[in-house]
Amino acid sequence: MRYFIFFGYDGTNYHGWQIQPNANSVQQELQRALSILLRKEMEVVGAGRTDTGVHARHMAAHFDTDRIPMEPDQLVYRLNRILPRDIAVYEVREVAPEMHARFSATSRTYHYYIHTRKDPFERHYSLQMNYTLNFEKMNEAAQHFLHHEDYAAFCKAGGDNKTTICHVTAARWIQTSPTTWYFEITANRFLRNMVRAVVGTLIDVGREKITMEQFLDILHNGSRSDAGESMPGNALFLEDVGYDFKD
């Protein structure tokens, strides 16, 4: 049987989602908890990878096993008793055998949070900006992502991507208070470090370090060295992963 598991995590204490030889990861913790409860070595396949320090509000993974020996809600309860406090399981559900956490995902949405005034309660999950930003220009630039496909300029150098083509369906800055904003971007897939590089480049537009013409040149012709810096991971959240379940 194939099961999907939906969960969230605070990535502060983890070296990303994926298992690594000498560092703790979210995947490792989830597999450990499942292995204890199902009494055999379990492997989970995630919807994607998040880097060191990046968070997920709604992540998905799948695992294969014989029918679980308890109701899904009971498995959720028991997993949450075992898992660290910074990982929380929301749902376990049986799915069709062909469903795949990574390849069946139709969309992924990320948010990047910033604040423009020193705030002790924002510092862990938002980036303080000490510059005046022109959000109107930043949103104008962000709209060009909706009509662009090749994101080579925002891909970490040396990545193992077979293609740098992504289809972005949403990209905008949203204000939540006089001093807090977040950037929302949705696409069918993302390249490694892509969101943080996109945000860094848009902030260069907002600071007027680059013109709109320079931004468009980076978008269409640039390399990673032309785009903005990769912003810190603590302010980045995987907000949602979309699927078309046929119930």
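## Helix 5 and its buried face

In helix 5, the residues Met212, Phe215, Ile218 and Leu219 are buried, where buried means under 20% relative accessible area, exposed over 50%, and partly exposed in between (1.4 Å probe, protein chains only). Seen down the axis of helix 5, these buried residues fall within an arc of 120 degrees, so they line one face of the helix; the arc is that of the directions from the helix axis to the C-beta atoms. On the other side of helix 5, Glu213, His220 and Asn221 are exposed. The cover over the buried residues of helix 5 includes helix 3 and helix 4. Helices (H or I, at least four residues) and strands (E, at least two) are DSSP runs, numbered from the N terminus.

## Basis of the model

The model is predicted: local features need pLDDT of at least 70 and side-chain atom pairs count only at pLDDT 80 or more, whereas totals for chains, interfaces and linings use all residues. Residues are numbered from 1 along each chain as its sequence is written, and side-chain values use heavy atoms, with hydrogens and water left out.

## Helix 3

Helix 3 spans residues 135-142, and its residues Phe135, Met138, Ala141 and Ala142 are buried. Viewed down the axis of helix 3, the buried residues fall within an arc of 120 degrees, so they line one face of the helix. These buried residues pack against strand 5, strand 7 (168-177), strand 8 (180-187), helix 4 and helix 5 (212-221), contact being defined as heavy atoms within 4.5 Å.

At the start of helix 3, a side-chain oxygen of asparagine 134 comes to within 3.2 Å of the backbone nitrogen of glutamate 136. A polar contact is a pair of N or O atoms within 3.5 Å; within protein, one must be able to donate a hydrogen and the other to accept it, and residues adjacent in sequence count only if both atoms are side-chain atoms.

## Largest pocket

The largest pocket has a volume of about 1,100 Å³. Its lining consists of 38 residues, of which Ala47, Gly48, Arg49, Arg102 and Phe190 lie nearest the centre. Strand 2 (45-46), strand 5 (107-115), helix 4 (194-206) and strand 9 (236-242) each supply at least two residues of this lining. By class, the lining residues divide into 16 nonpolar, 13 polar and 9 charged.

The terms are as follows. On a 1 Å grid over the protein atoms alone, a pocket is an open set of points where a 1.4 Å probe fits, with protein on both sides within 12 Å along at least five of seven lines, and lining residues have an atom within 4 Å of a point. Grid points are joined across faces, edges and corners, and a volume is the space filled by probe spheres set on the points. Ala, Val, Leu, Ile, Met, Phe, Trp, Tyr, Cys and Pro count as nonpolar, Asp, Glu, Lys and Arg as charged, and the others, Gly among them, as polar.

Threonine 50 is placed in the loop between strand 2 and strand 3 (55-64) and is buried, with a relative accessible area of 6%. Its side chain makes a polar contact with the side chain of tyrosine 9 (2.6 Å). Apart from neighbours within four places in sequence, threonine 50 is in contact with Tyr9, Gly16, Trp17 and Tyr110.

Leucine 238 lies in strand 9 and counts as buried at 4% relative accessibility. Leaving aside neighbours within four places in sequence, leucine 238 has contacts that include His55, Met59, Arg108 and Tyr110. The C-alpha atoms of leucine 238 and tyrosine 9 are 229 residues apart along the chain and separated by 9.7 Å.

Glutamate 29, in helix 1, is buried, with a relative accessible area of 11%. The side chain of glutamate 29 makes a polar contact with that of arginine 32 (3.2 Å). Beyond four places in sequence, glutamate 29 is in contact with Tyr14, Asn24, Leu83, Pro84 and Ile87.

Aspartate 204 is found in helix 4 and is buried, with a relative accessible area of 14%. Not counting residues up to four places away in sequence, aspartate 204 touches Lys209, Ile210 and Gly228. Its C-alpha atom is separated by 9.0 Å from that of glutamate 229, 25 residues apart along the chain.

## Positive phi values

Arginine 39, in the loop between helix 1 (26-38) and strand 2, has a positive phi of about 60 degrees although it is not a glycine. Arginine 39 is exposed, with a relative accessible area of 78%. Glutamate 208, in the loop between helix 4 and helix 5, has a phi near 65 degrees, a positive value in a residue other than glycine.
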